[in-house]
Each structure stands twice: as structure tokens, then as C-alpha cells.
Amino acid sequence: MTVPVPTRAGPLQVGGKASPKGFLAGTHRLVTPEATVARVRSLMPLMGITRVANVTGLDTIGIPVVMVIRPNARSLSVSQGKGSDLAAARASGLMEAIELYHAEHITLPLKLATFNELRFTHRMADVTALPALSVSQFHGHFRTLWIEGRDLFDQGSTWVPYEMVHMDYTLPLPSGSGSFLMSSSGLASGNHPLEAVNHALCELIERDATTLFRFSSEEARRRLRVDPSTVDDPGCQSLLERYARAGVEVGIWELTSDVGVAAFSCTIVDSDPDPHRPIGPMGGMGCHPSRAVALSRALTEAAQSRLTVITGARDDVRHMGPQGAEAELEAARRMRDTLVAEPRTHRFQAAPDFQGGTLEEDHAFLLGRLRAAGLVKAVVVDLTQPHFGIPVVRVLVPGLEPLNDIPGYVPGARARRRLSERAP
């Protein structure tokens, strides 16, 4: 039995006056991208942001992508942003850099204790449902750091592992690190607290859907290849036209899981791979209550992924690989042949679609879909720093799968069920 104790974390404010969406082009936001950029521009020096670089022209596709530079970052020193236009890309990149800064500089109180020391006096997250680490030493008597959040379903105080919240990767890592899978999944910012929370929830649902899709049979994946001629959203049609004009082949798959929130992935590769500029297949993912927004996110993220490789912005993403340019060229040709030959029979309209007019409506929809899938806990840690006034949150949903390609990944219950369905 849990005994309530005084807490310092106030409940996330989700009630009161409705928050109608003011921008609906490619994504749903409270205000326009231009307004977002104007709001945060003066804060850039305070967060160590030295440059916002438009790198769109380094590739041939023309989908806007920017790099946001923070030389003294404690995690990624380069954040990327993408969008249907340059203003949207700038807002995307700046907000990603801002949320990383907040997660690197957490000032909330922490507790250093074992799970068993806290579980009788504090409500704890179900650690058995959180993403495990293959080399984890965690057990009930292992001392680690904990941070307080709030359950989005009942607003109750809930303590979660600190290493799943922060992004300060400078060494040595905080005491008790190495128990759970660390990543940026579920970290989000926004123009409004609910905008940030909804974005974080969509990202977590997207990661889970991606892993479950990857663990599905090859035949099941093929059946979900989307026929691009069925895409009826003008914004997504425009993005597909840009790829076609650039001579880039696009494969789209619907990933939507039992959670029932639209999710897509796409893979892009040059139709005629250039041996003097070998770029392997790159991909993107997207999830949103609106299927058009979900697909738009996947399509723009794929363009961003290519420019991440072209610019060399990430040391852990290389298109040359250990085998060199020739192997990369061969990988591009194989993927091109696969994308051309594989049938496209799935209709875009088969994906679920919810068109909420307010942030509150989207929030209620997302929580309802999680509950319907048996996921009844979602913990938000509010990382907003009052002197900046930019809503930033980290959300954890015990039971959802992380991306399976993160080093140290161990399949959770949902992934194990999907794998068992493939067994002969």
C-alpha cells in the first residue's frame, strides 16, 4: 500500500480555457512557426545556440531542413529541423535544441534511493514495464536517482528513473546510471504545455509502432506498403512531388499499431544512384492523430535524415559505413530495385484519422487510445524553466516499446508478443 507524501511537483494544467489550433499546415500548432521563432529568438544565446543554418541546398530534394548549433551541448551539439517551408523547419530545429538544453540542465529535486526504499511511501512507475537495458544491474536494492512526475490519467505523483528523463551525457554519468535505456524519446517542447505533451505522446507511440512493425513478418509488412496515388492531402502530395522532381524513389508504409494513432514510415533512395555521390537508403517516421500530419512528418524526416548524412552532423550516422562507398552504392541500388518491384496496395485512407480542433481534444484522444490498448499509465515530468517560459516535458509510458535499434535494447512484452506471432 502506498502512503502519500508531500510533493513539490504541481499537476500539469490541462483544464480551463480551450486552446484552439492556430496553424494546420503539415503540423498542428497553437501559433504559426514564424511566431514560435520570434518568441524564442532572444533566448538563443542563453541556451548556447550560436547558429541556425539552412542546409536545404546541400541536397537535391528541396524539402527545407536546418541545423541548429550548440557547441557546448551536453548531448547532441547539432539539432535538426524540418518542415514544409523554411519557417517550419527553423521552428522545428530551434524547439528541438531548446528541449535538449532543458533536459541537460534539470533543476528539479532528485532522490537517491533504492526502489524498495521508496515503494512503500511513494507511488512509483512500474519499472518492469520501462525499457530495460541488456547490461542493466537494476534490482530492488540498487541505488539510483529518481525524479517526480505526474500521471496524465489521474494527476497522481509518480516517481520515475532520472536516467530516463535527463540528457546530460557528460562523463561520469549520474549515480546509478546504466539501469534503463537512455534516449530522447518522449522529450518535447511546444508553445503550450499540452502541445509539448501531445508531441511527446505521439513520438512514444511512433517508436512503439515502428518496433512492432519491424518485428512483423515480411508478408505483413508488404501488405502495408501504401499506394502513393491514394494520398489525398495537398501538403503530402506536394512533398511527394518534390521527391519525384529530384529523382528520388519513395516507399511508404503504414505502421499504426493497436493503439490506433496514425503512424507511417518512409524510405527514400535515388532512382539512379550516383557512384560519385553514393547515398544509401534513408528513412523517416511520423505519428499524429491526423493521418496527413503523420505522413508529412515521415516524409520531411526522411529528407532531414539524408541531410544529416550529407552534412556529417552526427558521428553515429554514416552513409559510407564500415565497407566504404561501394557498399553504400550497392545498398542504394538494392533498395531502389526493391521499392520499384514491391507492390503498393495499401490505401492511405485505411489509416485512422482524428481531426481535433483544440489541443485538449487531441490530448483526450491520445489518452483514450492508450487506455483502449491497455496502457493506463503515462507520466509527465515538467522540465519547464520559469525564467525561459518555454513549455518542455519528458513523458514516459510504461509498456510502450522503444526503438529496437538503440544499443542495449531488450524486447518488452509488446515486442515479445509480436515476435511470438511470427513463430511457425
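This text is a guided tour of the structure, stop by stop.

The structure is a predicted model, in which local features need pLDDT of at least 70, side-chain atom pairs count only at pLDDT 80 or more, and totals for chains, interfaces and linings use all residues. Residues are numbered from 1 along each chain as its sequence is written, and side-chain values use heavy atoms, with hydrogens and water left out.

**Stop 1: a sheet and its helices**

Select residues 248–254 and 282–287, the strands β8 and β10, which form the edges of a sheet and each pair on one side only. Helices (H or I, at least four residues) and strands (E, at least two) are DSSP runs, numbered from the N terminus. The sheet is open and has 3 strands in the order β8-β9-β10, with antiparallel pairing. Two strands count as paired if DSSP finds at least two bridges between them. In general, strands of a sheet pair through backbone hydrogen bonds, either parallel or antiparallel. Neighbouring strands of this sheet are turned by 20° against each other on average, direction ignored.

Contact here means heavy atoms within 4.5 Å. Axes are lines fitted to C-alpha atoms, for helices over the stretch in contact, and angles run from 0 to 180 degrees between N-to-C directions. Then select residues 234–245, helix α6, which lies across β8 and β9 and runs at about 145° to β8.

**Stop 2: salt bridges**

How many salt bridges does the structure hold? There are 24 salt bridges. A salt bridge is a side-chain nitrogen of Lys or Arg within 4 Å of a carboxyl oxygen of Asp or Glu.

Select Arg306 and Asp59, whose side chains meet in a salt bridge (2.8 Å, N to O). This pair links distant parts of the chain: Arg306 belongs to helix α7, Asp59 to the loop between β1 (51–54) and β2 (65–69), and they are 247 residues apart. Are Arg306 and Asp59 buried or exposed? Both are buried. Buried means under 20% relative accessible area, exposed over 50%, and partly exposed in between (1.4 Å probe, protein chains only).

Now select Asp154 and Arg123, which form a salt bridge of 2.9 Å, N to O. Asp154 lies in the loop between β5 (144–151) and β6 (157–161), while Arg123 lies in the loop between α3 (115–118) and β5, 31 residues apart. Asp154 is partly exposed, at 42% relative accessible area, and Arg123 is also partly exposed, at 26%.

Continue to Glu421 and Arg418, whose closest N and O atoms are 3.4 Å apart in a salt bridge. Because they are 3 residues apart in helix α10 (residues 413–422), about one helical turn separates them. Glu421 is exposed, with a relative accessible area of 60%.

**Stop 3: the nonpolar core**

Select Ile98, Val160, Val165, Leu383 and Ile390, the residues with the most contacts inside the largest nonpolar core, which has 43 residues. A nonpolar core is a set of buried Ala, Val, Leu, Ile, Met, Phe, Trp, Tyr and Cys residues joined through side-chain atoms within 4.5 Å. Helix α2 gives the most to this core, with 9 residues. Centre the view on Leu383: leaving aside its neighbours within four places in sequence, its contacts include His102, Leu187 and Val392.

Helix α1 (residues 33–40) has Pro33, Thr36, Val37 and Val40 buried. What covers these buried residues includes α2 (86–104).

**Stop 4: strand β5**

Finish with β5, where 8 of the 8 residues are buried, so this strand is largely enclosed by the rest of the structure. Strand β4 (residues 110–113) runs antiparallel to β5 and is joined to it by 4 bridges, with Thr144 in β5 as the bridge partner of Ala113. Antiparallel pairing also joins β5 to β6, through 5 bridges; here Trp146 stands opposite Pro161 in β6. In the hairpin of β5 and β6, which has 5 residues between the strands, Gln155 takes a positive phi near 65°. Finally, 2 bridges join β5 to β11 in the antiparallel sense, and Asp151 stands opposite Val379 in β11.
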